[in-house]
Amino acid sequence: TWRCADVAQHQISRIQEKTGENLSVFVLVSGGVDSAVAFALIAKALPAHRVAGLYVDTGMMRKDETAKVKASLRALGGNLKFVDASDLFLKNLEGVTNPEAKRRVIGDTFLQVQKEECGFLSDDTHWLLGQGTIYPDTIESGKGGADVIKTHHNRVPEIERLLRAGQVVEPLAQLYKDEVRAVGEKLGLPKHLVWRHPFPGPGLGVRLLCVEDERPPPSRVVVLRNHRGVVKVDIPPLRSVGCQGDSRTYKNFVVFKTGYPRDWVELDRMATDVINEHDAINRATISLTNNATPFVITPGAPHTVTRSRLDLLREADALVHQAFVDADLMTSIWQCPVAMAPLTFHDNAAAAASSSSSSKETIILRPVDSTEAMTASFSKLPWDLLDHLTNALFDKLGDRISDVLFDITNKPPGTIEWE
Ligand code: XMP
């Protein structure tokens, strides 16, 4: 039977065997569970001067994430270097709105920073590379699906050479996520780190929807009649990603604005129907404010990745996250991406042109239940929690947000992330 204490001890011994008397290990730490647990194992196995870590702040991390990672990992020993590269990331993202282009720019900027910081690895044969690769990663990168960027990060030429030379240490390569968490707890990592939800490499950059079209068409509100009554449905002029077989495709999404039943089974059915019946739609959401007026792209607001938009998303994400912690839902929900779209209501738009409300955004909640992220179903959360969350978001950020949407799409046909 599998016992995490044995696994931890076994891996510590293997790291010690592989590094012998004088080899050192360098780890790229992302802030996620996997690389943190890998770093912790390596730091336990070796004396501090033989362990080095690098954490790159892309500016697309969550609120207080960098500080938390710093505090919990520095306590483990080893020297962990923090590089704030947020200015570089934002500069490279200027004017980039296409989702795949954003991913590429973020991935390339990572490579640029890593090259500067770990170029020494190729000349110094005393260093091995430590990575937090877990078992499902080895399956996913072989397939080359949504996680190309994850693979990408670990494939700088220097790193590839190390891989070929067998100079890589991957103490988690045989483990699934829940096993990695058990090992992390065993090693004494803080709960918030061990139970941290998976977070995409490109971070909040892929949760901040941008406007690609200079002149987006207006939203269309249509009326759906079914046996439950009359539902007002909006189709905003923005796209989000979904999956069809192995490929990712961008399509429109719908918002059930008013008249939808507060019944998850019924909503699941309605989402499935609307997606099956309309080839141009791959995602469905409900509006938690029940505002009936159509969406427009917020006029005058920046529709690209900016620090100010990221800051607003960080605040919304932190509020949602805290509500889940308070409701003790962190371990039962697989992940809850919070995304943001530059959408406001048609009625507000004219008034908005002359006031600060022109920066209004719509917040999208995407909690999902899953085991390894290959498939997922939207979380059927208690309605009073959603009401509470909506109120909390408006209390704190009301002058900057228009609506709160809740994603009711399963994967497939949707994806977990919106880009
Ligand atoms: P999707 O959106 O494809 O996400 O259903 C599946 C899982 O992968 C995460 N994800 C990423 N992780 N780099 C990563 O390291 C990426 O570019 C990336 N894109 C998505 C996502 O959060 C989910 O857990």
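Reply: Happy to! The structure holds 18 salt bridges, and since this is a predicted model, please read every value below as computed from predicted coordinates. In general, side chains of opposite charge can pair when their charged atoms come close.

Let's start with R307 and D87, whose side chains meet in a salt bridge at 2.8 Å, N to O. This pair links distant parts of the chain, with R307 in helix α12 (residues 307-326) and D87 in helix α4 (residues 86-93), 220 residues apart. How exposed are the two partners? R307 counts as partly exposed because its relative accessibility is 36%. D87 has a relative accessible area of 59%, so it is exposed, the cut-off for that class being over 50%.

Next comes R248, which forms a salt bridge with E100; here the closest N and O atoms are 3.7 Å apart. That distance still counts because the criterion is a side-chain nitrogen of Lys or Arg within 4 Å of a carboxyl oxygen of Asp or Glu. Again distant parts of the chain are linked: R248 belongs to strand β9 (residues 247-258) and E100 to helix α5 (residues 99-118), 148 residues apart. R248, at 26% relative accessibility, counts as partly exposed, and E100 is partly exposed too, with a relative accessible area of 30%.

A further pair is E212 with R239, where the closest N and O atoms are 2.9 Å apart. E212 is found in the loop between α10 (191-194) and β6 (220-226), while R239 is in strand β8 (residues 239-244); the two are 27 residues apart, and this pair also links distant parts of the chain. Both ends are partly exposed: E212 has 39% relative accessibility, and R239 has 38%.

E170 lies in the loop between β5 and α9, and it is partly exposed because its relative accessible area is 30%. Which residues does E170 touch, leaving aside its neighbours within four places in sequence? They are Q131 and T133.

With a relative accessible area of 34%, Y176 is partly exposed, so it passes the patch cut-off of over 30%. Together with Y135 and I139, Y176 forms a nonpolar patch on the surface, and the three share about 260 Å² of accessible area.

Finally, a word on helix packing. Helix α1 (residues 4-19) packs against helix α2 (residues 33-45) at an angle of about 65°, and their axes are 9 Å apart. On the α1 side, the contact is made by A8, Q11, I12, I15 and Q16; α2 contributes L41, I42, K44 and A45. The crossing of α1 past α2 is right-handed.

How values were computed. Residues numbered from 1 in each chain as written. Predicted model: local features only at pLDDT ≥ 70, side-chain atom pairs only at ≥ 80, totals over all residues. Heavy atoms only, no water. Patch = residues over 30% accessible without salt bridge, like charges linked within 9 Å, V, L, I, M, F, W, Y side chains within 5 Å. Areas by Shrake-Rupley, 256 points an atom, 1.4 Å probe, with all protein chains shown as cover. Buried < 20%, exposed > 50% of the residue type's maximum accessible area, 1.4 Å probe, protein only. Axes fitted to C-alpha atoms, helices over the stretch in contact; angles between N-to-C directions. Helix = DSSP H or I, 4+ residues; strand = E, 2+ residues; numbered from the N terminus. Left-handed = near helix turned anticlockwise from the far one by under 90°. Contact = heavy atoms within 4.5 Å.
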